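Hello,

Here is the structure I promised to pass on. Please have a look at it first, and then read my notes below.

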Amino acid sequence: MSKYDDEVQARWGNTAAYEQSQAKTSKYSKEDFRKAKVDQEAATELFVYAFGNGLDIHSEKTQAAVIAHRDAISKWFYDCSPEMQKNLAVMYIEDRRFKEYYDGRVRGLAQYVHDAIMAQ
């Protein structure tokens, strides 16, 4: 169990996305979780590339990163609509853990990811 399981349960335990994620991940092997992480990291690297190259949040490559991010979540966890993804984007800048994850890659990336997702 993750150290965040109680928090996740308290915040989203009564949602369809949580139920779907639990149903999917309960069947995952360690290898499945590794593959999910690879997909998530690949999407993040698309954002790193776009941000590092000064691409506008509306650019084709940046919006491809937005789609890759949403697709990875949908593939491995739950159906992630653009609206759901926008809710996640808010969390990426408001929750210090997510902000540190993105800004740990490149300073300012959390805001860029947020803005790119909101621009879709």
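**What I found**

The protein has seven helices and zero strands, where helices are DSSP runs of H or I with at least four residues, strands are runs of E with at least two, and numbering starts from the N terminus. Read from the N terminus on, the elements go α-α-α-α-α-α-α.

A word on the basis: this is a predicted model, in which local features need pLDDT of at least 70 and side-chain atom pairs count only at pLDDT 80 or more, while totals for chains, interfaces and linings use all residues. Residues are numbered from 1 along each chain as its sequence is written, and side-chain values use heavy atoms, leaving out hydrogens and water.

Of the 120 residues of the protein, 32% count as buried, meaning under 20% relative accessible area with a 1.4 Å probe, protein chains only. Among contacts (heavy atoms within 4.5 Å) with a separation of 6 or more, 63% link residues 24 or more positions apart.

Now to one helix pair. Helix 3 (residues 30-52) packs against helix 6 (residues 96-105) at an angle of about 60°, and their axes are 10 Å apart; axes are lines fitted to C-alpha atoms over the stretch in contact, with angles from 0 to 180 degrees between N-to-C directions.

Best wishes

Terms used: Buried < 20%, exposed > 50% of the residue type's maximum accessible area, 1.4 Å probe, protein only.
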